[in-house]
Amino acid sequence: MSEVVLKTYNLSKKYKETMAVDKVSMTIKKGQIYGFIGQNGAGKTTIIRLITGLAHKTDGEIELFGQTNNLDESRESIGSLVESPAFYGNMTARENLEISRLVRGIGSKDSVDKVLELVNLKDTGKKKVKNFSLGMKQRLGIANALLGNPKFIILDEPINGLDPMSIVEIRELIKKLNNELGMTILISSHILGELSELATNYGIISHGKLIEEFTAKELREKCRQYIEIIVDDSKKATVLLEEKLGITNYEVINDNMIKVYEKLDETGKINTMLSLNNVEVKKILLKGQNLEEYFVSVVGGAINE
Ligand SMILES: Nc1ncnc2c1ncn2[C@@H]1O[C@H](COP(=O)(O)OP(=O)(O)OP(=O)(O)O)[C@@H](O)[C@H]1O
């Protein structure tokens with residue numbers, strides 16, 4: 001069994017009358033990129049704040065690297081980007097990281113160069129942070145999280161407000177941290193298309209509750225794609241599908257509808273073949289959910305922008 005990095009047991013946080021986090025039991029294992037999904041106000045940031053020690057739980061338990069006691073010690077192996085870090089605008093990236101390193105008492109001088117290289121900011125030289133683009137600032141925030149060589153990185157909405165190029169850069173960086181450096185990553189985002197390019201695992205949170213956890217593989221199964229064909233005669237069509245195209249993985253829904261689960265990129269060929277053999281094709285469509293549609297089907301409302 002793979003090593004557990006984070007486990008929460010009925011973790012709860014109440015703010016006056018608001019149950020911001022309600023009995024959440026989630027698990028993140030070593031090597032995972034765990035995508036945390038939820039609408040605004042669902043409770044993602046609060047959970048992240050509880051994990052990183054920025055807020056105190058009302059109830060429940062947090063286990064980090066197998067420890068439930070001395071969490072502050074375990075937290076030394078976590079790097080996080082939760083709120084936009086306050087950098088000094090009049091200083092360079094290197095100067096900012098050097099200050100952060102000294103204040104936090106971590107790493108050697110080399111570690112600043114190492115993280116700047118990792119996030120691709122080592123050539124920013126004398127450029128002051130106030131002149132950085134939002135994407136560069138985010139990468140500096142990630143560099144700051146990487147000081148001290150953490151095993152577990154937590155990123156709260158790291159691509160919020162970024163342009164497409166910067167999003168790709170952050171995506172590649174996260175993949176590198178995970179693949180090459182073996183870091184486990186928790187990333188919250190409401191940009192589900194982007195998250196599904198990265199995550200190996202997902203947790204859906206709604207109104208403070210963890211609704212579901214699933215793997216990327218399970219998501220692919222849940223969102224299983226198929227070709228929906230509406231015809232005048234399902235029976236005749238299936239005989240042709242088998243005989244002419246060797247299609248056997250299909251389901252007859254009714255006299256007029258068939259779902260085909262293979263040869264998903266051959267809708268044109270299927271359409272032509274059926275028509276040539278005197279089956280009237282009224283509609284032929286590639287269907288299936290993506291992460292966003294699946295989220296809506298589970299939570300019952302779209303994720304907000
Ligand atoms: N310091 C606080 N005091 C009172 N209520 C709070 C506080 N922080 C969060 N909440 C409430 O807790 C709930 C969860 O908020 P949280 O910020 O964790 O959600 P979120 O999923 O991170 O959403 P977002 O994407 O908007 O940050 C919300 O109803 C919010 O209003």
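The shell around the ligand has, by class, three nonpolar, seven polar and one charged residues, where Ala, Val, Leu, Ile, Met, Phe, Trp, Tyr, Cys and Pro count as nonpolar, Asp, Glu, Lys and Arg as charged, and the others, Gly among them, as polar. This is a predicted model, in which local features need pLDDT of at least 70 and side-chain atom pairs count only at pLDDT 80 or more, while totals for chains, interfaces and linings use all residues. Residues are numbered from 1 along each chain as its sequence is written.

Among the residues around the ligand are Tyr15, Thr18, Lys44 and Thr45, a residue being near a molecule if its C-beta atom, placed from the backbone, lies within 6 Å of it. Strand β2 (18–24) and helix α1 (44–52) each supply at least two residues of this shell, and α1 gives the most, with three residues; helices (H or I, at least four residues) and strands (E, at least two) are DSSP runs, numbered from the N terminus.

Further along, helix α5 (residues 134–146) and helix α6 (residues 164–179) pack at an angle of about 20°, with their axes 9 Å apart, the axes being lines fitted to C-alpha atoms over the stretch in contact and angles running from 0 to 180 degrees between N-to-C directions. That angle makes α5 roughly parallel to α6, a term that covers angles under 35 degrees.

Strand β12 (residues 250–254) and strand β13 (residues 257–260) pair in the antiparallel sense over four bridges, pairing requiring that DSSP finds at least two bridges between two strands. The two strands form a hairpin with two residues between them, and the bridge partner of Tyr250 in β13 is Val260.

Methods:
Angles under 35 degrees count as roughly parallel, over 145 as roughly antiparallel, 65 to 115 as roughly perpendicular and the rest as oblique.
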